[in-house]
Amino acid sequence: MNAFTQEAIAQPPRSGAAGAAQFAGWDSRKYNYYKPKGRHATHYEDVTVDVQPDPKRYLLQDFIISFPDGTPTYSETWTAAKSSDWHQFRAVDEEWERTHYQRQSTICGMIGSVVENARRAGAPKRLDRTWVKVLEQYLGAYKHAEFGLGMATMHAQRYGYTQMINSAILTNSSYKLRFAQDLTLYLAELALDLPEINLDLGKQHWLENPAWQGTREAVEAINGTSDYLEKYFAVNLVFEPLVAELVRSGFFMQVAAAQGDFTTPTVISAAEGDYQRNLANTAELVHILSQDAEHGAHNRALFNRWLAEHGKRALAAARQLQPMWSLPHHKVAQFPEALNRALERIRSITGELGLELPAELKAA
Amino acid sequence: MTAGLTLNKITSQRGVSIGEAARRIADLGWNPSYVQEAMTFPTDYKIGRQPKDPMKQVLRSYFPMQEEKDNRVYGALDAALRGDMFRNVEARWVEWMKLFLAIIPFPEISAARSMSMLARLAPGEELRTGFTMQMIDEFRHSTIQMNLKKWYMENYIDPAGFDITEAAFGKCYATTIGRQFGEGFLTGDAVTAANVYLQVVAETAFTNTLFVAMPSEAARNGDYALPTVFLSVQSDESRHIGNGHSLLMSILNDPDNHLLLERDLRYAFWQNHCIIDAAVGTLIEYGTTNRDKSKESYVELWHRWIYEDYYRTYMLPLEKYGIKVHHDDVAAAWDRLVKKNYHHKVAQFFSVGWPVNFWRIEAQTDKDFEWFEHKYPGWYAEFGDYWRWYGKKSVPGETPMLFDQENGYVYPHRCWSCMVPCLIREDFVVDEVDGKLYTYCSELCRWTHKVAFSAEYEGRSTPAMGRFSGRREWEECYHGWDLADCIKDLGFVRSDGKTLVPQPHLRFDDKEMWTLDHVRGNTIQSPLVLLRNMTPEQREKHIADYRAGFTIRPFQ
Ligand SMILES: [Fe+2]
Ligand SMILES: [Fe+2]
Ligand SMILES: [Zn+2]
């Protein structure tokens, strides 16, 4: 055997720990291939940025599989919006897996204990009977709207041009689908204490009650578009403020307490918190695209068109829901005020973003 | 408190059962009547029957369970640092993590994205929660792995290569192989990609090798972090395997799908074999310092997980549904591993290519030789001298292995299909597709490109099937470049602007480290470009010579 061996020249360092030896690059301890949004890279950015590659950045060989028409694995053509730099966007809520599970799990725990404590205290039995019907039929119908938004965003998270965009849409979907299940199981829990609740009625109302048909049409229209960004936009900048918040805050949160119901508002408040985050993320993305030096004008016109199309349907949906406000025994909220607040909300969101509401929504 | 009486028993109350909860949740969807859903994921399959969800999945129990898993992972990472893990970790192992962890977050997130497609395609609602959970799981896997990599970068002796990780992922010839894997999950026919290639084959057959074999080897090298993360990742896989199986059962139900399923099972099995066995076989046998002869070798693990658990227990039963199972493919993969030294040749190739890597590979030594010879009799005759040459040429000033003429290695062609080079020389195949010449590592890889990824399959039109695209041969991107310029363009240079990120050794000392000056003066050439430029006679001779193989010169 030869005298030469690897061992003869190797002088392994005593330790494999940082700083055990100093040589070129020994202290390069930050991901250095992207520009952080702020002065320092955040943990969210480190685990997110550039995981989805882009031929315009580092993808030397381009995407290597395509659809039969030649469209690559990821394509900028999956939305009509244009960007001079899709990589600029960072999710405002900076969610990555750990923070996502922590938040979702906290909500599940909170709802679980609210339901359990209410049951222990016998609260369901003290609910106003008319109100129980409202929960059964109207909250029961509304859960399907939330599910529809969850499916729309689940679909959309395939198509964004960067990891940051897709993951923000993914967590949005996770929140919506959790909430749809929260409502479903909350009603099922109530029905254990109140056997008169018919859990099938919610879906029947969703499919047949005229009050819900506008809402259903608006949700189906969101699911019907193939533009992923239009979906994300319509969910968070149009449907949520005009219909979803109207139903959640403008009705259930406000009205429940007067009917002796202290649990429903807690369950629903989780979704209001979810929406604040999803709204902030969407608004940030839309803001960046609206201000794009090259494509801003094109994008604003496109967004205004989306606003008009989905806004019209959402406004009609909101108006059709009016009868719901006259159902409870104790009338503590009025539909016109609730609708006005919803309109104010969408006006302020779109105003901030420099978008133009259609005439119906301005004047309504 | 009396025995047996607990707080839980006093306070626990009845609640909605899991079965009832799952049934209620499965009723959230509806058939739209105002506007139809956008159908954006083409497939040539027909899914008539609703898939069932035997696992009865509900998000309210899912999130807390996953958070708990996370807590254990992050707690263990903290404990590893407190226990000074990096003092005793084997650098040989951690270096390979620069490659492995550059690749894996992309296939993970691709799996998340692909759930969109399945959630839309499968009729009925039962399995949608399963797909939702898989989507969030895969988001978890991708970001938890990015976090682990950052943690190595912060704590390991040589962070170079971790610091450029996603940029390196986009540029390196080895990570392309991983991109072929990840893009395969979400491009082309939706069922081919997300159900068959991802769930039925990658997850069901190959995740054990990825997420169980890797952790075991990590622990043997003093790395307790990777096992914590990857066993946690693996614990989500049974859900994904369940999703895949349920959907597969619905697809099987329609005999019209059988031909496509036979095609896709072949393609997916063969390509998973080419890619995963190349990667994991190399990582766990060449990235380790542990030479315990009583541990199972990669092929022994393969026999247990791929042959017994997958082929015999999962694939064979498909025959009773009328699916033609290609036993010969499984036998061929096995032969490539045990008779044709597939992953040993991959490790050899990666080491030849060290100047364009972004991690360090040190030479295998006598202690390694003994283990390899014990597990793979005949190994030393084929590879022993090669690794001695490699050790000798690891000193700056020598010719880099990539261009060394002395040792006798012949740089390989690249397989157009699986992206691994054509390393089993006798199996090398050349064919024309649409008038262009391509090279393949094996007959089945040729079939995958030419026959499977095409607009027609056995007379049946397959308009949804994907296509291979992009600049698939890495070498072509740098054809005619000087090696030093190539490495600069790749970005594989350290912060001093001259020392290379990759090194053919583990000597953490500037005096021993290669710089751009040491590699300048060598011109990269694309074997495919050269082949295409040959006359038919030259080409015929070249192919015959290539198939005849090469011999490593005796080391002296
Ligand atoms: Fe995964
Ligand atoms: Fe998975
Ligand atoms: Zn191949």
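# Questions on a predicted model

Visitor: Among contacts in chain A between residues at least 6 apart in sequence, what percentage join residues at least 24 apart?
Guide: The model is a predicted one. The contacts counted in chain A are those between residues at least 6 apart in sequence. Of these, the share that joins residues at least 24 apart is 78%.

Visitor: What does the secondary structure of chain A come to?
Guide: Along the sequence, chain A reads α-α-β-α-α-α-α-α-α-α-α-α-α. Buried residues account for 63% of its 364 residues. The secondary structure of chain A totals twelve helices and one strand.

Visitor: Are the axes of H3(A) and H7(B) parallel or oblique?
Guide: Two packed helices are described by the angle and the distance between their axes. Helix H3 (residues 97-120) of chain A and helix H7 (residues 128-155) of chain B have axes that come within 8 Å and cross at roughly 135°. That angle makes H3(A), relative to H7(B), oblique.

Visitor: Which residues of H3(A) meet H7(B)?
Guide: The residues of this contact divide into four nonpolar, two polar and three charged. On the H7(B) side they include B:Phe139 and B:Arg140. On the H3(A) side they are A:Glu97, A:His100 and A:Tyr101.

Visitor: Which residue bridges the iron ion (ligand 2) and the iron ion (ligand 1)?
Guide: The protein donors of the iron ion (ligand 2) lie 1.9 to 2.7 Å from it, and B:Glu203 (OE) and B:His240 (ND1) are among them. The two iron ions lie 3.2 Å apart. The residue that bridges them is B:Glu138.

Visitor: How many residues apart in sequence are the parts tied together by B:Glu138 and B:His240?
Guide: B:Glu138 is buried, with a relative accessible area of 1%, and B:His240 is buried too, at 0%. B:Glu138 lies in helix H7 of chain B, and B:His240 lies in helix H12 (residues 237-252) of chain B. The pair therefore ties together parts whose separation in sequence, in residues, is 102.

Visitor: Is the site of the zinc ion (ligand 3) tetrahedral or irregular?
Guide: The protein donors are the SG atoms of B:Cys415, B:Cys418, B:Cys441 and B:Cys445, lying 2.3 Å from the zinc ion (ligand 3). Four donors count as tetrahedral if all angles lie between 85 and 135 degrees. Here the angles among the four donor atoms are 104 to 116°, and the site is tetrahedral.

Visitor: Where in chain B does B:Cys445 lie?
Guide: Both B:Cys418 and B:Cys445 are buried. B:Cys418 lies in the loop between helix H18 (379-392) and strand E1 (429-433) of chain B, so the pair ties together parts that are 27 residues apart in sequence. B:Cys445 itself lies in helix H19 (residues 443-452).

Conventions
Residues numbered from 1 in each chain as written. Chains lettered and ligands numbered in written order. Predicted model: local features only at pLDDT ≥ 70, side-chain atom pairs only at ≥ 80, totals over all residues. Heavy atoms only, no water. Donors = N, O, S within 2.8 Å, 3.2 Å for Na, K, Ca; no water. Tetrahedral: all angles 85-135°; square planar, octahedral: opposite > 155°, others 65-115°. Helix = DSSP H or I, 4+ residues; strand = E, 2+ residues; numbered from the N terminus. Buried < 20%, exposed > 50% of the residue type's maximum accessible area, 1.4 Å probe, protein only. Axes fitted to C-alpha atoms, helices over the stretch in contact; angles between N-to-C directions. Parallel < 35°, antiparallel > 145°, perpendicular 65-115°, else oblique. Contact = heavy atoms within 4.5 Å. Nonpolar A, V, L, I, M, F, W, Y, C, P; charged D, E, K, R; others polar.
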